[in-house]
Amino acid sequence: MSQSTSEPLDGQEPVRSHDVFAADCPVRPIFGDITSRWATLVITALTARPHRFAQLAARIGGISEKMLSQTLRALTRDGLVERTVTPTVPIQVTYELTALGRDLVPSLMGLVTWVNHHASTIQAAQAAYDADTPVPPAVANRHRSRSS
């Protein structure tokens, strides 16, 4: 595993950088946790304020309870989200961004803003690609059998 150390930032300890292109890079799973479609939406939703599970589920259309639970678990494990349990009846569980999660927000919001800004151009490119790319027979047969 290739690993190097860079100069300290603002008097802090040196930042250890990893070769993210190496197959055994230990930070790759973190990329997966942070950049998944659902994680991006969860972090974006939590930017405004803490949410309960049901509030997040309602805010993020199309996410299943299982996927929301898995995403929250991964983000909590990574130290980006804090899960607070209040012993009431019924028990109240609240999720909010940690300091580390809040530190990620500007970078992540830059990506979200970029996607929103370029969505129509990307969708046009996708449509042009789809129009010029033949559908493989196996896929075409699978789609035909569903519509029958």
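In what order do the three strands of the open sheet stand, and is their pairing parallel or antiparallel? The legends below take up this question and then turn to the helices and to one aspartate.

**View 1. The open sheet of three strands has the order 3-5-4, with antiparallel pairing.** This is a predicted model, in which local features need pLDDT of at least 70 and side-chain atom pairs count only at pLDDT 80 or more, while totals for chains, interfaces and linings use all residues. Residues are numbered from 1 along each chain as its sequence is written, and side-chain values use heavy atoms, with hydrogens and water left out. Strand 3 (51-52) and strand 4 stand at the edges with a single partner strand each, so one side of each has no neighbour in the sheet. Strands here are DSSP runs of E with at least two residues, helices are runs of H or I with at least four, and both are numbered from the N terminus; two strands pair if DSSP finds at least two bridges between them. Strand 3 and strand 5 (residues 92-97) run antiparallel and are joined by two bridges, and Arg 52 stands opposite Thr 94 in strand 5.

**View 2. Helix 2 (residues 37-48) lies across strand 3, strand 4 and strand 5.** Helix 2 runs at about 95° to strand 5, where axes are lines fitted to C-alpha atoms, for helices over the stretch in contact, and angles run from 0 to 180 degrees between N-to-C directions. The axes of helix 2 and helix 4 come within 10 Å and cross at roughly 75°, which makes the two helices roughly perpendicular (65 to 115 degrees). In contact (heavy atoms within 4.5 Å) across this pair are Trp 38, Ala 39, Val 42 and Ile 43 of helix 2 with Met 67, Leu 68, Thr 71, Leu 72 and Leu 75 of helix 4.

**View 3. Asp 78 is buried yet has no salt bridge.** Asp 78 is found in the loop between helix 4 (65-77) and strand 4 (81-86), and buried means under 20% relative accessible area, with exposed over 50% and partly exposed in between (1.4 Å probe, protein chains only). The nearest side chain of opposite charge, Arg 77, is 4.6 Å away, whereas a salt bridge requires a side-chain nitrogen of Lys or Arg within 4 Å of a carboxyl oxygen of Asp or Glu. Leaving aside residues up to four places away in sequence, Asp 78 touches Asp 33 and Leu 100. Arg 77 lies in helix 4 and counts as exposed because its relative accessibility is 74%.

Methods:
Lys and Arg count as positive and Asp and Glu as negative; His and the chain ends are not counted. Angles under 35 degrees count as roughly parallel, over 145 as roughly antiparallel, 65 to 115 as roughly perpendicular and the rest as oblique.
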